[in-house]
Amino acid sequence: MKKLLLALLIFNCSTIHYVYSGDELDSGDLVELYQDQDWANEMAEMSEIFNALTTLVYFQNNLQASIAENLEEFYADNISNEKLWEELNSIENQIGTFSEDFNLAVMGISTTSASTNPKAISLYKSSLKIIYDANDYQIDNNKSTRDLLSSLAKGDIDNYNYLVSRGSLKNADFLELIANNTRAQGERLPETSIGRHVIMVDSDVIHYVVIAMRVNALQMLNELDKKNYKEYKVKLDNAYKVISKGKSLSNVKKAIANLENTIKELQSLDEDFTIYIEIIERVMVNAKLLSEANIRNAESWKDMMDFYDRNINNITNLYDSASRSAEFDEMQTRQAFIQEQVSTYTDLYQEASAEFTRIAPEFLTNFK
């Protein structure tokens, strides 16, 4: 049962980011890795740093969204010019030195693993690369926030709008990088792994969202028309079919059911495994919540793409209609709420998975 439990749990999407084709893992490999205290400590640290980086990117994106919201309030005559700049100055003050601080933290990570296990070393290098990629993105994204404010300070609205659109395209590129790396990892994990199927849901959704973000960016750049939308629609429909079939989410639920059965077995033993069971249950609960929130996120983007589809003949003057503007604003509000849920459950799932990584060596020692 020990190997089954480890196979069911390992890995979360920030513990190992992708695995080279020669590094396929079986349940024996997983147990061996988790028994390696050096590797377990390093992966827990990697998970915390990557989680912090994604939280920072989310914070940066929220600041950028706040800039846009205040600008919209100004154009709607809901706030004065003085109030607008009071809010924008407040946003600028929030930028702080977070980006530089995180960059220093990433630069402080050892470039070599303390483990002597060849698979652990390879996985460590892979994780380090994706953390560096994420750090490069947050540095660039932090600069984008400052550039947006600088454009407004100069009164250059055209440049501001262009930077917003370009930022959306760069965000799509970053998400695609993460999705491709994590999917490559997930596909090499055992079918019993809950981490594999959480990754697959995430990857399926991001694959769709990335296409939708590019369509949205083209609309923002006034470059979306019937011809290029038709080309993107084929990709959108194909990507959404994968999500609507529900195979990945169904596999998450099956893995959770298997874990529930394993917990019952643990509870039937003479030893007290309460602490470990509580952590495993947190992994299970947040895996389900995260996966379901990801599906809702895809649905919110599909609503937006359907909106463009219905209004493609008016795409150049989309917001001239009060009813269309109100419908679009409502979709964006709902989408922002769902994305906040995804961020929250991602944090909780990663924290629980990282906690299990930390206690795994002790658990394996106690659970003979």
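Trainee: How does the lining of the second largest pocket divide by class?
Mentor: A pocket is an open set of points on a 1 Å grid over the protein atoms alone, where a 1.4 Å probe fits, with protein on both sides within 12 Å along at least five of seven lines; lining residues have an atom within 4 Å of a point. Ala, Val, Leu, Ile, Met, Phe, Trp, Tyr, Cys and Pro count as nonpolar, Asp, Glu, Lys and Arg as charged, and the others, Gly among them, as polar. Among the lining residues here are Arg183, Glu187, His197, Met200, Val242, Ser248 and Asn251. The division is two nonpolar, three polar and seven charged residues.

Trainee: What kind of model is this?
Mentor: Residues are numbered from 1 along each chain as its sequence is written, and side-chain values use heavy atoms, without hydrogens and water. Local features need pLDDT of at least 70, side-chain atom pairs count only at pLDDT 80 or more, and totals for chains, interfaces and linings use all residues, as the model is predicted.

Trainee: How much space lies in the second largest pocket?
Mentor: Grid points are joined across faces, edges and corners, and the volume is the space filled by probe spheres set on the points. For this pocket that comes to about 220 Å³.

Trainee: Which helix supplies the largest share of its lining?
Mentor: Helices are DSSP runs of H or I, at least four residues, numbered from the N terminus; strands are runs of E, at least two. Helix 8 (194–220) and helix 10 (247–267) each supply at least two lining residues. The largest share is four residues, from helix 8.

Trainee: Is Asp202 buried or exposed?
Mentor: Asp202 lies in helix 8. Its side chain joins that of Asn294 in a polar contact of 3.4 Å; such a contact is a pair of N or O atoms within 3.5 Å, where within protein one must be able to donate a hydrogen and the other to accept it, and residues adjacent in sequence count only if both atoms are side-chain atoms. Buried means under 20% relative accessible area, exposed over 50%, partly exposed in between (1.4 Å probe, protein chains only). Because its relative accessibility is 17%, Asp202 counts as buried.

Trainee: Where does Asp77 lie?
Mentor: Asp77 is not a glycine, yet its phi is positive, about 65 degrees. It counts as exposed because its relative accessible area is 68%. Its place is the loop between helix 3 (37–75) and helix 4 (81–95).

Trainee: What is the phi of Asn222?
Mentor: Asn222 sits in the loop between helix 8 and helix 9. It is exposed, at 66% relative accessibility. It is not a glycine, and its phi is positive, about 60 degrees.
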